[in-house]
Amino acid sequence: MTSLSGKVAIVTGAASGIGLAIAQDLAAQGVKVTLSDVDVERGKAATSELAGARFQAADMSSAQDVQALVESTRQAEGPVDILVNNAGIQHVAPIVEFPEEKWRQIIEIMLTAPFLLTQAVLPDMYERRWGRIINIASVHSVRASAFKSAYVTAKHGLLGLTRVTALEAAEYGVTCNAICPSYVRTPLVEKQIASQAKVHGIPESEVVEKIMVTEGAIKRLLEPAEVAQLATFLCSDAASAITGSAQMIDCGWTAH
Ligand code: NAD
């Protein structure tokens, strides 16, 4: 793999789970990573353990924070080479009861912020003729689940954004890809496991076994590091011909 050392990256939602694992993996390659999160305490703690990393608090539902994130990174480290759109939340409710406010928040964090960040980093990438944009999508970018209307819609939309970005950016040496994981063992999923266990009155281990891994050919949750390694590969020059793709890392879920 050609070295990524010295490249400048932004990872959103990097205080926890998949975002943190990606920040760790990129930092281990010598990338200068700006970890960004709305959770300042956890974000700062995570950043303090990574060589060459900095933390920038930013709420992805605020267009101002999104702009400030790119500007401050540019000033501190230089133009952004790698953007990882990862921040995300979940809300589970039937459409008839789904709060409009939650719908708007999910679309803003998981679809509008990736658009605005992409818009903000592309001019420098175009000028420098190199860039990598990784959108953390989901199996829910190509499959639906009941009661997750905003999440599924945002993730389907993120795949559309990925493809359009790939088409527009290709001539400038910039690639854009989506990573589509099945369930990954992160705090977001731990919360879902706990709430499902309550709803169904079953132990948490049964939620994993009987609800979460049933669709996959490989019957297990993913680990955040597995997703991170794929992200790092997509950033490398070895992946320079991969763009506009939906990289399924889903234990065979969508092979059905
Ligand atoms: P997580 O909850 O562990 O981490 C998400 C991070 O995003 C947290 O640190 C949180 O503070 C941050 N965040 C939340 N709202 C934010 C906001 N408004 N602004 C900035 N940061 C914010 O979740 P995770 O499981 O690591 O999920 C990361 C991404 O991966 C999400 O986009 C999620 O949809 C996607 N994903 C997760 C799974 C899974 O099974 N865990 C599967 C497929 C896709």
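**Basis of the model**

Helices (H or I, at least four residues) and strands (E, at least two) are DSSP runs, numbered from the N terminus. This is a predicted model, in which local features need pLDDT of at least 70 and side-chain atom pairs count only at pLDDT 80 or more, while totals for chains, interfaces and linings use all residues. Residues are numbered from 1 along each chain as its sequence is written.

**Overall fold**

The protein has 8 helices and 7 strands. The C-alpha atoms fill a box of roughly 55 × 35 × 35 Å along the principal axes. Of the 256 residues, 43% count as buried (20 or more other C-beta atoms, placed from the backbone, within 10 Å of the residue's own).

**Annotated domain**

UniProt, in an unreviewed entry, places "domain: Ketoreductase" at residues 7-173; such annotations may be inferred rather than shown by experiment. This span is 51% helix and 15% strand, and its end C-alpha atoms lie 15 Å apart.

**Helix H4**

Helix H4 covers residues 100-128. Arg-129, which follows H4, has a positive phi, near 60°.

Among the buried residues of H4 are Ile-106, Met-110, Leu-117, Val-121 and Met-125. Their cover includes helices H3 (63-77) and H5 (149-169), and strands S4 (82-85), S5 (131-136) and S6 (174-181).

Key
Expected span 1.5 Å × (residues − 1). Buried ≥ 20, exposed ≤ 12 C-beta atoms within 10 Å, placed from the backbone. Contact = placed C-beta atoms within 7 Å.
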